[in-house]
Amino acid sequence: MEHVAQPGAAPVQHAQQHPISLYFKIWGLLFVLSTLSYLVDYFHLQGGLRWTLILVFMMLKAGLIVAVFMHMAWERLALICAILLPPALLMVLVGLMASEGHYVNLTRMLFFR
């Protein structure tokens with residue numbers, strides 16, 4: 001049976017319900033990822049491997065939180081792009097600035113001793 005809007009009546013709102021088991025599974029996965037990030041320090045990993053693992057675990061946890069708990073996984077693509085693209089572009093620019101900083105530092109060390 002279809003819902004027919006009565007004249008002067010408010011439109012019918014359909015709330016989006018997600019099973020609680022989805023939230024418990026994501027909570028468990030976040031717990032596992034947090035444990036893995038703490039194990040990086042527990043096993044005294046050093047250098048690039050340490051920072052790579054920490055950043056990977058951080059991005060995975062942030063992505064899960066944004067996608068599920070902030071309901072971005074169920075939003076329109078335009079809204080997702082409007083919210084997620086500017087920070088992603090800022091991260092790219094920060095990476096470019098960091099590589100430029102390394103280049104400037106190397107140049108100064110080579111030519112201005």
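Visitor: What makes H44 count as exposed?

Guide: This is a predicted model, and in it H44 has a relative accessible area of 63%. Exposed means over 50%, so H44 gets the label. H44 sits in the loop between α1 and α2, and its phi is positive, about 55°, although it is not a glycine.

Visitor: And why is H71 called partly exposed?

Guide: H71 comes out at 33% relative accessibility. Buried means under 20% and exposed over 50%, so H71 lands in between and is partly exposed. H71 belongs to the loop between α2 and α3, and its phi is positive too, near 60°.

Visitor: How do you know that α1 and α2 are roughly antiparallel?

Guide: Look at the angle: helix α1 (residues 20-42) and helix α2 (residues 47-69) pack at about 165°, with axes 10 Å apart. Anything over 145 degrees counts as roughly antiparallel, therefore the pair qualifies. The crossing of α1 past α2 is left-handed.

Visitor: What does the contact of α1 with α2 consist of, by residue type?

Guide: It divides into 17 nonpolar, two polar and three charged residues. On the α1 side you'll find W27 and D41, among others, and on the α2 side R50 and K61 are among them.

Visitor: Which residues form the largest nonpolar core?

Guide: Eight of them: Y23, I26, L30, L33, V40, F57, L64 and V68. The largest share, five residues, comes from α1. Leaving aside residues up to four places away in sequence, V40 touches L45, R50, L53, I54 and F57.

Technical notes. Residues are numbered from 1 along each chain as its sequence is written. This is a predicted model: local features need pLDDT of at least 70, side-chain atom pairs count only at pLDDT 80 or more; totals for chains, interfaces and linings use all residues. Side-chain values use heavy atoms; hydrogens and water are left out. Axes are lines fitted to C-alpha atoms, for helices over the stretch in contact, and angles run from 0 to 180 degrees between N-to-C directions. Helices (H or I, at least four residues) and strands (E, at least two) are DSSP runs, numbered from the N terminus. Angles under 35 degrees count as roughly parallel, over 145 as roughly antiparallel, 65 to 115 as roughly perpendicular and the rest as oblique. A crossing is left-handed if the near helix is turned anticlockwise from the far one by less than a right angle, and right-handed if clockwise. Contact means heavy atoms within 4.5 Å. Ala, Val, Leu, Ile, Met, Phe, Trp, Tyr, Cys and Pro count as nonpolar, Asp, Glu, Lys and Arg as charged, and the others, Gly among them, as polar. A nonpolar core is a set of buried Ala, Val, Leu, Ile, Met, Phe, Trp, Tyr and Cys residues joined through side-chain atoms within 4.5 Å. Buried means under 20% relative accessible area, exposed over 50%, partly exposed in between (1.4 Å probe, protein chains only).
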